[in-house]
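Reader: Hello! I am new to this structure and would like to learn how to read it, one feature at a time. Could we go through it together?

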Amino acid sequence: MRARSRLGVVLVAVAALAAGVTPSATAHPAPRVPGTVVLDGAGLQRAKTRLDRGDPRLVRALRSLTARADGWLDQGPWTVVDKPRPAPGGDVHDYLSQAPYWWPSQPRTADNPWGCPYVQRDGQRNPEVDTGTDRQDAEKVFDSAYDLSLAWYYTGQRRYAEKAASVLRTWFLAPDTRMNPNLDHGQFIPCRYDGRAIGIIDFSQSYTSVLDAVAILETGAPGWTKGDRSAMRAWNTGFRDWLTDSAFGKEEGAAKNNHGTFYDLLLAALASATGDRDLARRTVLDARSARIDPQIAADGSQPQELARTRSWHYSTFDLVAYTRLAAVGRHVGVNLWAYEGPDGQSLFKAVDFLLPAATGARPWPYPELEFHRFAASDVVHAAADAGDRAARAALPRLETPPGGDLWELRPAAEQLDSIAG
């Protein structure tokens, strides 16, 4: 080994140890490019190469990422079959969640154990939705699979890959514990509805991270087999078909607010992951007139989201869907960032509308029950990467999200404040 090469290996090890990350015993070969549907696989490969060369900034970010991944190692795996009672249809393999903003209006009694009828309180989350259903466990599956697969890709440590594979196999593939590929009982309301179309957002807001996690594992992760890959593709194909063909899927696809945007994101990503490039491309193209034109005003505001009691949350929330949809579009040859509607509407304007509050320059002037400035950080990063000069200038003044800024290691927007329905 030449002296310069030996010095490079030493510097990598020193930088990694200083950041609290244990480097592999040997230098990694050039990593494969993951066939991701939202994340830029080539960008992940470049970040991996920079890490292997000891880039101090990325090594610090990796410390935050591996801390998240380490937290999942002794949790799970989770399954839909272990909830206290099955979904209304009676099949324990069906996913079940409860509408988050609906509350009992009467005392619970033997004759009325739920306290029905339920009434809506927009933006106020009923704590009972986090017990007795699958929603929290599903979110743990999505988050853990994503964090663990990324941690494996960047460190090469097999424990991360094996844990991610176990989480995915248990929730989606193993016959005794798998989830059926439908959302027939999402966001049910006791004594009112056995399931609702808007329950699709339980998956549309985060499941695309699972698609990328699988793509990352498919670059050669230990514990993820060819059989797993084939079975996961079949599950995703069934889920995609349910999304396009079911009454709930069609209803959610017709939604005019963030539910419609997230539906498009989920459908386009599933189509891309299952090889239907035409459907993916058509979905992104249709979002220009079907979503951006009616949802974003000429000044960049999102009027439907500003009318909510959590207007900041929902403004950033909808843009998470848009920026991720734009990332899917990049993979299928559509530049959603470049689109301008008939009144000048665009994703750039929508992000720029948030910048005064995102940077702390001005307070957010609309209703918000729980303002978190950092909620906008990822969508501002996305706009900056897409060429928005105002967003790029704002980057140094953003609030760092809890757990650190991981953008350079996973450059696709996440919802950084609390999950909402």
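This is a predicted model: local features need pLDDT of at least 70, side-chain atom pairs count only at pLDDT 80 or more; totals for chains, interfaces and linings use all residues.

Reader: Where is the place of Phe 374?

Author: Residues are numbered from 1 along each chain as its sequence is written, and side-chain values use heavy atoms, with hydrogens and water left out. Now to your residue: Phe 374 lies in the loop between helix H14 (347-358) and helix H15 (377-385). Helices here are DSSP runs of H or I with at least four residues, numbered from the N terminus.

Reader: Is Phe 374 buried or exposed?

Author: Buried means under 20% relative accessible area, exposed over 50%, and partly exposed in between (1.4 Å probe, protein chains only). Phe 374 counts as buried because its relative accessibility is 11%.

Reader: Which residues is Phe 374 in contact with, leaving aside its neighbours within four places in sequence?

Author: Contact means heavy atoms within 4.5 Å. With those neighbours set aside, Phe 374 touches Glu 399, Thr 400, Pro 401, Pro 402, Leu 416 and Asp 417.

Reader: How are two packed helices described?

Author: By the angle between their axes and the distance between the axes. Axes are lines fitted to C-alpha atoms, for helices over the stretch in contact, and angles run from 0 to 180 degrees between N-to-C directions. Take helix H3 (residues 56-72) and helix H4 (residues 135-155): their axes come within 9 Å and cross at roughly 130 degrees. That makes H3 oblique to H4; angles under 35 degrees count as roughly parallel, over 145 as roughly antiparallel, 65 to 115 as roughly perpendicular and the rest as oblique.

Reader: What classes do the residues of the contact of H3 with H4 divide into?

Author: There are eight nonpolar, three polar and four charged residues. Ala, Val, Leu, Ile, Met, Phe, Trp, Tyr, Cys and Pro count as nonpolar, Asp, Glu, Lys and Arg as charged, and the others, Gly among them, as polar.

Reader: How do H3 and helix H5 pack?

Author: H3 and helix H5 (residues 158-173) pack at an angle of about 50 degrees, with axes 10 Å apart. H3 is therefore oblique to H5 as well.

Reader: Which residues have the most contacts inside the largest nonpolar core?

Author: A nonpolar core is a set of buried Ala, Val, Leu, Ile, Met, Phe, Trp, Tyr and Cys residues joined through side-chain atoms within 4.5 Å. The largest one has 111 residues, and Tyr 154, Trp 171, Phe 172, Phe 203 and Tyr 207 have the most contacts inside it. A second, separate core has five residues, including Trp 102 and Cys 116.

How values were computed:
Helices (H or I, at least four residues) and strands (E, at least two) are DSSP runs, numbered from the N terminus.
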